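Okay, thanks for making time, everyone. I'd like to walk you through the inside of one protein today, so let me put it on the screen.

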Amino acid sequence: MPPLKAGSRPPWVGLGAAVWVEIAAGNGYNFPLYSPSLKSVMGYNQQQLTMLGVANDIGENVGILPGIASNKLPPWAVLAIGACACFLGYGVLWLAVSQTVQNLPYIVLWLALVVATHSCAWLGTAVLVTNMRNFPLSRGTVAGILKGYIGLSAAVYTEIYNSVLQESASKLLLFLTLGLPVICFALMYFIRACTPASGEDSSEHGHFLFTQAASVCLGIYLLATTVVDDLFNPSDALSNTFTGIMVIFLLCPLAIPLKMTLFPSNSKKNLPPVGSSDSLVQGEGNSNQTEPLLTPSSSATCLGSFHEGEYASDIDMLLAVGEGAIKKKRKPKRGEDFKFREAFIKADFWLLWLVYFLGVGSGVTVLNNLAQIGVAFGVKDTTILLSLFSFCNFLGRLFGGVVSEYFVRTRTLPRTIWMTFSQVIMVVTFLLYASALSGTLYASTALLGICYGVQFSIMVPCASELFGLKHFGVIYNFMLLGNPIGALLFSGLLAGYVYDFEAAKQQSSTCLGGTCFRLTFLVLAGACGLGTILSIILTIRIKPVYQMLYAGGSFRLPSSSNQS
């Protein structure tokens, strides 16, 4: 394992760079922007286009290989693989849409889309795993910020698409082919494993608040500029100015390491609270010793000071006994570090996966078909609809992490309770969609975007808290499989079929009216109803784990006596 980068500034440099990589990792959200051109140029029907949307989701979310690689390779290597996948996949799509190469087979474009969006899994895994390990005491906050920027990426690309690329699908695909790899190669050096903080830093909370505020301002700005672009058709100079201001907002997180450089703090870090997980690295006296990103959390003592032993191998776990430490094989408890095969057989693992699958699978169905839903409801230009969903998706991701972090620390309330609340709202939202009541489309889309975003920001820290960070990359990416499987079942097999069936009844390739997706929305409402029941069961089951982990108001390594 390469030595960790020490110091308080490098993790914040990495987080600032990760913001840009997360925007690049959101390239899968561009599908609604170029899919109409792809459909017209290639002459596809709606079901063929919907299956391309499924390919988009499969590539974006099937990340088992990136998860394994994140434990074997340095972050820069994982990012490099993602950049190459982006270049190859979008390059083929650009050849087709620009008609540089004509009559490409459908299967070639389907596979190209899988490869292109698979870059999302590589890029997202590299930055999420690295930053979760660099800030292990603020998992919910970090997950909310990073997942929030992915949610904003759709609005960022929409701004670039409208202002710089003159709404050209071929130019957009060329930008994705060349521009995103350049960004990744330029920033990969700064995203690296750093020594985690040894205690609660009083300035860290302020830094996170600044990053969150900057992201909210960016989201509001992007929504406002999208509305201005749509209603007033500004000049090219003004549109380019809008894009320049957007870039400044994206640079804001780098102000934190800049401030730390110009105004270094001479105060010593606060001592870690007794029995907390803050002692993730050895003291400064062992500066020449290379430390793992996280020590196995099974080596906890019973609410006393944390005594670290040597790093456990993949075969043995380190078990602290009294004042000493011995190696002993035993199964991990919830809250400790699980191997993937150990987590795979746990009921909580599958409950979390099912709740996530039902939530994001139903949400991504609407996202993939949002342009067609807008047209069916009589919306001529669906750009504002897409931007509204993107902004609200961002809000759900950001504040899902913030709110769950607050309540888990103050009330030891399991994060999954917020998945329960959000899926109840999703049931109501899908019923509103199905009713096709006048004036409810934008409100329904906003609510769905928020609830869809919450699923991501809750699943990520919850998985790390239940099953540990040592093998988090693999576990996290397996959880993400809920997205493409949901897209395949709900979008590819259900929504596309229902839409084409209703369009055939109207003797047209384009379906108009509330019946186009009504059956789909009713099925999705039922799915979220089931997700609500399962999330309640999961919350009840894991409540003792959260009471143990956050008993002192901050994250605490589990003690063997309290584990369940």
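Let's start with the holes: there are seven cavities of 30 Å³ or more in this structure. By cavity I mean, on a 1 Å grid over the protein atoms alone, a set of points where a 1.4 Å probe fits but cannot get out. Grid points are joined across faces, edges and corners, and a volume is the space filled by probe spheres set on the points.

Before I go on, keep in mind that this is a predicted model: local features need pLDDT of at least 70, side-chain atom pairs count only at pLDDT 80 or more, and totals for chains, interfaces and linings use all residues. Residues are numbered from 1 along each chain as its sequence is written, and side-chain values use heavy atoms, with hydrogens and water left out.

So, the largest cavity holds about 150 Å³ of space. It has 17 lining residues, and Glu60, Lys147, Ile150, Tyr476 and Leu480 are the closest to its centre; lining means having an atom within 4 Å of a point. The elements giving two or more residues to that lining are α3 (46–61), α6 (106–134), α7 (139–163), α17 and α18 (472–479), and α6 gives the most, with four. Helices here are DSSP runs (H or I, at least four residues), numbered from the N terminus.

What is the lining of the largest cavity made of? Nine nonpolar residues, five polar and three charged.

Next, the second largest cavity, at about 110 Å³. Of its 13 lining residues, Tyr29, Ala154, Leu367, Leu386 and Ser390 sit closest to the centre. Here α2 (31–42), α7 and α15 (383–410) each give two or more residues, with α15 giving the most, five. This lining has eight nonpolar residues, five polar and no charged.

Now the packing. In soluble globular proteins, nonpolar side chains tend to be buried together. The largest nonpolar core here has 152 residues, and Tyr34, Val366, Phe430, Phe472 and Phe521 touch the most other members. Helix α17 (residues 441–467) gives the most to this core, with 14 residues. A nonpolar core is a set of buried Ala, Val, Leu, Ile, Met, Phe, Trp, Tyr and Cys residues joined through side-chain atoms within 4.5 Å. Buried means under 20% relative accessible area, exposed over 50%, partly exposed in between (1.4 Å probe, protein chains only).

Take Tyr34: leaving out residues up to four places away in sequence, its contacts include Asn56, Tyr90, Leu113 and Ala169, where contact means heavy atoms within 4.5 Å.

Last, the cysteines. Which two form a disulfide? Cys511 and Cys516, with their sulfur atoms 2.0 Å apart; the cut-off for a disulfide is a pair of cysteine sulfurs within 2.5 Å. This is the one disulfide in the structure, and its link is left-handed, at -90 degrees about the S-S bond. Cys511 is buried, at 0% relative accessible area, and Cys516 is buried at 0% as well.

Cys84 is partly exposed, at 41%.

Notes: 1 Å grid on protein atoms, 1.4 Å probe; cavity = no way out; pocket = protein on both sides within 12 Å on 5 of 7 lines; lining within 4 Å. Nonpolar A, V, L, I, M, F, W, Y, C, P; charged D, E, K, R; others polar.
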